[in-house]
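Please open the structure in a viewer and keep the sequence at hand. The tour goes from one selection to the next.

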Amino acid sequence: MNIQPAPPPASFAAPALRHFPSFASAIEGTRPANPVYVLHPRRFRAAVSRFLDSFPGTTMYAVKANPVPHVLDQLHEAGIRHFDTASLSEIELIRTRYSDATCHFMAPVRIPGEARAAWQVHGLTDFVVDCDPELDKLLGETEGGKDLRIFVRVATPLGGAMLELSSKFGTTPANAGRLLKRIASAGAKPALTFHVGSQCLSPFTYAQAVELARRAVDVAGVPVHALDVGGGFPGPYLGNDVPPFHWYFETVREAIGGFPLQDGAEVYCEPGRALAAEGVSLIARVILRRDDQIFLNDGIYGSFDELSVPAWTADYPRRVYTFGPNGRVRERRGELKPFKVFGPTCDTLDVLPRPLTLPKTLQQDDYIVFENMGAYSIALRTGFNGFYPNDWVVLDSE
Ligand SMILES: Cc1ncc(COP(=O)(O)O)c(C=O)c1O
């Protein structure tokens, strides 16, 4: 064993966060100049129990959706013990923080050397491939792969998802079948996975994908030791009709009912968005109103990156708060109108791609609470131009 992995990052000691009973009291109590993220422990618990109570298998959390330790702690406290990790640094983050966690290396293409370190140093045995060169690399780094369970990723058509995840990764059922045979003959355990695409609004898409995976097993003619139905479960954004979760779970349960799995084989899912989105809100401040344009203290280079994805039409639920003359905070309601919304940086591109509908009477120093911001927002923020939102509070009541 000749490897020298990078030292694990110092374990993040979560500072004690301030707790508030409501958004209004958080705003009143802090009058924040910078954006503030609000953790909702109840919403995290509800999201986790939805999966732990009803998904017909084991739920991993896809760390990429939000790797902030405060968020990981909420998910871990709510019962998540399996993590879909896509890099050595995600593995180190989880392993240094939770001694009872199991990591699965579910990225189909890895930095050379990372599979070796994940296996030798951290004891991971689950890996994904979708082509021969990556399988060669994996077997080469793991002394032939005899300890491993190797998932082949099947590409799925877009179906009901808003963001496709099969043009970069995944292969045809025929090629997947051939790879499964190669894996079995190397002495590793063959398994299958797919990702139907993120924010999938049609449960039936999972049944179609399971059918493609089944064709790969037919081609391979070898027993499959696990089936991972990926992520894609949606968040409740404005403008999206999100079917009830039990439709997804029933569809998956029914689809895997006839799936040719080896005795004792395991079923997994790896949601990111559906576990992280609802648990975090953002309190942003209006730093300037210029006619029907406003500037916020957060923008595209901060928490709003996902709005700039071309296929993305969903929106974050929001409410506006303002300080009254008595120094108390109240919700600003009334007639609405569209505002063009800029972020705080000097870049012209730092503008939300669509106007936001907000109260006509909106003023500088009002606060806008954006809900369901926990997935692919905070994870993608940058420090561009010196702005890096990272203040956190906890809201206990909702
Ligand atoms: C391999 C893999 N698993 C899981 C996820 C999580 O997907 P979602 O957040 O849509 O549930 C992703 C998202 O990119 C992914 O690439």
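**Confidence.** This is a predicted model, so begin by colouring the chain by pLDDT. The chain average is 95, and 96% of the residues score at least 70. Now select residues 1-11, where the pLDDT is below 50. Beyond near neighbours in sequence, this stretch has 15 contacts in the model. Where pLDDT is low, the predicted coordinates should not be read in detail.

**Helix 7.** Select residues 173-185, which form helix 7. From its first C-alpha to its last, this 13-residue helix reaches 18 Å, close to the 18 Å expected at 1.5 Å a residue. Which residues of helix 7 are buried? They are Pro173, Ala176, Gly177, Leu179, Leu180 and Ile183. These residues lie on the same side of helix 7, because they cover an arc of only 165° around the axis. An α-helix has 3.6 residues a turn, so residues three or four places apart point the same way. After helix 7 comes Gly187, with a positive phi near 95°.

**Helix 8.** Next, select helix 8, which has 17 residues. It reaches 25 Å between its first and last C-alpha, close to the 24 Å expected. Its buried residues include Thr205, Tyr206, Val210, Leu212 and Val217. The buried residues of helix 8 pack against elements that include helix 7, strand 10 (198-200) and helix 9. Gly221 follows helix 8, and its phi is positive, near 65°.

**Aromatic rings.** The model has 23 aromatic pairs, and one of them is Tyr206 with Tyr248. How far apart are the two rings, centre to centre? The distance is 5.9 Å, and with 80° between the planes the pair is edge-to-face. Tyr206 lies in helix 8 and Tyr248 in helix 9 (residues 245-257), so the pair ties together parts that are 42 residues apart in sequence. Tyr206 is buried, with a relative accessible area of 0%; Tyr248 is also buried, at 0%.

**Charges over rings.** For the last stop, select Arg110 and Phe105. Arg110 lies over the face of Phe105, 5.5 Å from the ring centre. Then select Lys337, which lies over the face of Phe339 at 4.8 Å from the ring centre.

Key. Residues numbered from 1 in each chain as written. Predicted model: local features only at pLDDT ≥ 70, side-chain atom pairs only at ≥ 80, totals over all residues. Heavy atoms only, no water. Helix = DSSP H or I, 4+ residues; strand = E, 2+ residues; numbered from the N terminus. Expected span 1.5 Å × (residues − 1). Buried < 20%, exposed > 50% of the residue type's maximum accessible area, 1.4 Å probe, protein only. Arc of directions from axis to C-beta. pLDDT = per-residue confidence, 0-100. Contact = heavy atoms within 4.5 Å. Phe/Tyr/Trp six-rings, centres within 6.5 Å; stacked < 30°, edge-to-face > 60°. Lys NZ or Arg CZ within 6 Å of the ring centre and 35° of its normal.
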